[in-house]
Amino acid sequence: MKGLLTTGVGSLPKPPYLAQARNQAARKAIEPAALRQLELQATREWIQAQEELGIDVLVDGEQDRGDMATFFAEQMAGFTISGLVRSYGNRYYRKPIAVGPVGRRGPMTLEMYRYAQGLTPKPVKGMLTGPYTMLDWSFNEHYPTRAALCLELARALHEEAVDLERAGARYIQIDEPALSTRPEEMDLAIQAMGIVTAGLTAHTITHVCYGDFDAVYPGMLAMPVDQIDLEMANSNYDLLEHFRRHAFTKVLGLGVLDVHTHLVESVEQVKRGLRLTLELLPPERIYVDPDCGLKTRTVEEAKAKLTVMMEATRQVKAELGIT
Amino acid sequence: MITTVVGNYPKVPSLGGGPNLRRALSQFDEGRIAAEELGRVVAEATRDAIQEQVDAGIDIVTDGHIRWEDGQTYFARHLAGFHVNGLLRYFDSNTYFRQPVVEGPIGWTGPISVRDYEYAAGASSRPVKAVVTGPYTLAALSHADRPRAEVALELARALRQEILALQQAGCPLIQVDEPAALRARDEAPLVKQTLRELTSGVTAKLALYTYFGDVKGLAPDLFDLPFQVFGLDFVSGPANFDLLEGFPAGKELGAGLLDARNTKMESMEEIVSALRRISRFVPLDRVHLNPSCGLEFLPRANAHQKLLRLVEAARAAEQALS
C-alpha cells in the first residue's frame with residue numbers, strides 16, 4: 001500500500017538574517033545581489049531541513065517572496081504597485097494595480113525553482129498564485145470587468161506553469177486563497193484555473209483557505225486540478241462532515257497543523273486528524289501538510305510543528321502497513 | 001449639494017511624511033514609547049486626516065476613525081457582555097476585523113465615541129459627523145450562542161445610549177452603518193425592528209448608511225425609518241438607481257458614487273451623469289455626495305485624490321444640473 005505522502009503548502013519562515021536583509025534592501029541599504037545570496041542561502045537551509053525531516057514533496061519555502069500577489073505583479077507587464085493599505089491592526093501591504101494590458105515579461109519563478117530542485121533528488125513543487133486571487137487582491141484601473149483581468153492573468157500564469165513543467169516540475173500548485181471570498185464568482189475562478197492548467201501533465205494542486213466552506217463546497221470540486229489542499233486542523237476537522245454529505249472527489253491536501261498559533265500540536269492530535277480523514281479517503285488520495293504557508297511562524301516553531309506532523313504520519317503509516 | 005465621506009480614512013501617508021502612526025504603534029507594542037507619546041501621535045494623525053478632508057472642500061467630515069482598530073472592535077470592547085476574539089475577513093474585502101463574542105447580557109456602561117467626537121469637533125472647522133456601527137451589523141459579525149434577534153435588539157438598546165450621549169454632546173449628524181443588512185434579505189423585519197429600537201426617542205439628525213450592495217428587499221419601506229439621510233452604495237449596488245422611485249420627499253440621500261475600493265478615478269462625466277439620474281428622484285439640494293464606503297481600502301494618496309474629484313464633481317453637477 002502507498003499513500004500519506006507529506007508536503008508543504010508554500011511559504012516557510014524567513015530566518016532572522018533574511019528578514020533583516022529584506023528590510024535593509026527596502027531602504028536600499030544593501031544591494032539586491034547581496035539580498036539574493038541570502039535568499040539562496042535560506043532556501044538551501046530549508047531544502048536541507050525538509051530532507052532531514054523526511055518530507056516527500058518539498059517546497060522552496062518562498063524565501064524571495066513577500067506578498068504572494070505583489071511578488072508576481074512586480075515582475076509582470078501592466079502592473080504598478082500601490083501605496084500602503086492596512087489589512088488589520090498595524091499591518092500594511094502594497095497592492096498591485098492593473099494599469100495596462102497585463103502579461104508575462106519572462107519567467108517569474110523558474111530560477112528559484114531550478115535552484116531548489118538542483119539541491120535535492122526529491123520533487124520540489126512549482127508554486128504560483130492563481131489568477132482569481134491575483135485579480136481579487138489587485139486594484140483594476142484598466143480592464144472593464146473583473147473577468148477580463150482574471151482571464152488575462154490566467155493566460156500569463158499558464159505560460160509560467162508550462163515553463164515550470166518543461167523545467168521538470170512534477171507538481172505544480174496554483175494557490176487560490178481568495179476563492180471563497182465571493183462564492184458568486186466561483187465559475188470565473190474555475191474557468192481561469194482551466195486556462196492555467198490546460199494541457200499540463202504535472203500533478204496540479206490548488207490551495208484554498210479562509211473560507212466560508214458552506215458557500216464553496218461541493219462547487220469547488222469542479223476546479224480543474226488533481227488535488228485540492230484544505231486547512232483542516234484549525235477547524236478541528238469539521239470539514240470532514242461536508243465530505244460525508246457530498247463525497248470529496250479529488251486528491252486531498254490535508255492540513256494538520258494550525259499555522260496561526262504558536263502552540264505545537266501533539267502527535268496524538270495529528271494522528272486523530274489522519275484517522276478521521278482515513279475513514280473517508282484511501283491513503284493514496286491524501287497528502288499530509290500544514291493548513292497553510294508557515295511564514296507567520298518562527299523557524300523553530302515551524303520545524304517543531306513539522307516534526308510532529310512527520311512523526312504522526314510515520315506512526316499512522318506503520319499502523320496501516322504503508323512503507 | 002453637500003459633500004461628505006462615509007467614515008474611515010487611511011491612517012498613514014502613502015509615501016512617508018506626516019505623523020508616523022505606524023511606527024508609533026509598533027514602538028508602543030515593543031514597549032519603547034509610553035501611552036502618552038502614542039496618544040500624541042494618534043491625535044496628530046487624527047488632526048491630519050480631518051484637515052485633509054477640510055482642505056479638499058468636504059462639507060461634513062469625520063475623524064477618519066484613526067483610533068478605530070475596526071468598526072466592530074471599537075464598540076464591542078467597551079460594551080458589557082462582549083469580549084473580542086480572533087481575526088475574520090471583513091465582508092468580501094482583503095481586510096480583517098477581530099470578531100466580537102457575546103458572553104453575557106449586553107449593556108452600555110458609558111460613552112464610547114463621545115470623547116473622540118469632541119476632539120474631532122474641536123479640531124475641525126467644518127461640522128463633524130459621528131459614526132456608530134449599527135446593531136444589526138454588529139450582531140451579524142459577532143459570534144453568539146444566542147439567537148441573532150435577541151443579540152441585535154440588546155445591542156440596539158445599548159447603542160441607543162451611545163447615540164443619546166453623542167446627541168447630548170451636540171453632534172450635528174449621527175450616522176449608523178448597516179452594511180450587513182444587505183446580506184440578509186430574509187431578516188429585513190429584524191433589521192427594521194432593530195433600527196426602530198435604536199432610534200426611539202432620539203431627536204438628533206440621523207443618517208443610515210448601507211454599502212457593499214443594494215437595498216433590494218429593504219426599500220422602499222426602509223426609507224420610512226426615522227432617519228433623515230439614507231446612504232446608498234451605487235458602485236457595488238447599481239440596482240440602487242432603480243430603487244430610488246418612491247424616495248420620500250423631504251428626506252436626504254447619501255449618494256455613494258465614487259468607488260472607495262478601487263484606485264481607478266471616476267471621470268467628471270460619469271459622476272455628473274449619475275447625479276443627473278439621481279436628480280430625477282431626489283433634488284440635488286438633498287443629496288450628500290460621498291464615496292461608496294470608507295476610504296481606508298485605498299492608499300492615502302488615492303483617497304485624497306478621490307476627495308478632490310468628489311468636490312470637483314459636486315460643483316460641476318450643481319452648475320450643469322441647476
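Modeller: Two packed helices are described by the angle between their axes and by the distance between those axes. In this predicted model, helix 8 (residues 268-279) of chain B packs with helix 9 (residues 300-321) of chain B at an angle of about 55°, and their axes are 9 Å apart. Helix 8 of chain B and helix 9 of chain B are therefore oblique to each other, and their crossing is right-handed.

Colleague: Which residues of helix 8 of chain B and helix 9 of chain B make the contact?

Modeller: Helix 8 of chain B contributes B:Met268, B:Ile271, B:Val272, B:Leu275, B:Arg276 and B:Ser279, while helix 9 of chain B contributes B:Glu312, B:Ala313, B:Ala316, B:Ala317, B:Ala320 and B:Leu321. By class, the residues of this contact of helix 8 with helix 9 of chain B are nine nonpolar, one polar and two charged.

Colleague: At what angle do the axes of helix 6 and helix 7 of chain B cross?

Modeller: The axes of helix 6 (residues 148-168) and helix 7 (residues 188-199) of chain B cross at roughly 30° and come within 8 Å. Because angles under 35 degrees count as roughly parallel, that is how helix 6 and helix 7 of chain B are described, and their crossing is right-handed. Among the residues that meet are B:Leu153 and B:Ala156 in helix 6 of chain B, and B:Leu190 and B:Leu198 in helix 7 of chain B. The contact of helix 6 with helix 7 of chain B has eight nonpolar, one polar and three charged residues.

Colleague: What span should helix 11 of chain A have, given its 22 residues?

Modeller: At 1.5 Å a residue, helix 11 (residues 299-320) of chain A should span 32 Å, and its end C-alpha atoms are 31 Å apart, which agrees. Buried residues of helix 11 of chain A include A:Ala302, A:Leu306, A:Met309 and A:Val316. The buried residues of this helix pack against strand 1 (5-6), helix 2 (32-53), helix 10 (267-278) and strand 10 (286-289) of chain A. Helix 11 of chain A is followed by A:Gly321, whose phi is positive, near 75°.

Colleague: How many residues does each chain give to the contact between chain A and chain B?

Modeller: The size of an interface is often given as the accessible area lost when the parts come together. Counted by residues, the contact takes 24 from chain B and 18 from chain A. On the side of chain B that touches chain A, the elements that give two or more residues are helix 1 (21-29), strand 2 (79-89), strand 3 (96-108) and helix 9 of chain B. The largest share of that side, three residues, comes from helix 1 of chain B.

How values were computed: Residues numbered from 1 in each chain as written. Chains lettered and ligands numbered in written order. Predicted model: local features only at pLDDT ≥ 70, side-chain atom pairs only at ≥ 80, totals over all residues. Helix = DSSP H or I, 4+ residues; strand = E, 2+ residues; numbered from the N terminus. Expected span 1.5 Å × (residues − 1). Buried ≥ 20, exposed ≤ 12 C-beta atoms within 10 Å, placed from the backbone. Contact = placed C-beta atoms within 7 Å. Axes fitted to C-alpha atoms, helices over the stretch in contact; angles between N-to-C directions. Parallel < 35°, antiparallel > 145°, perpendicular 65-115°, else oblique. Left-handed = near helix turned anticlockwise from the far one by under 90°. Nonpolar A, V, L, I, M, F, W, Y, C, P; charged D, E, K, R; others polar.
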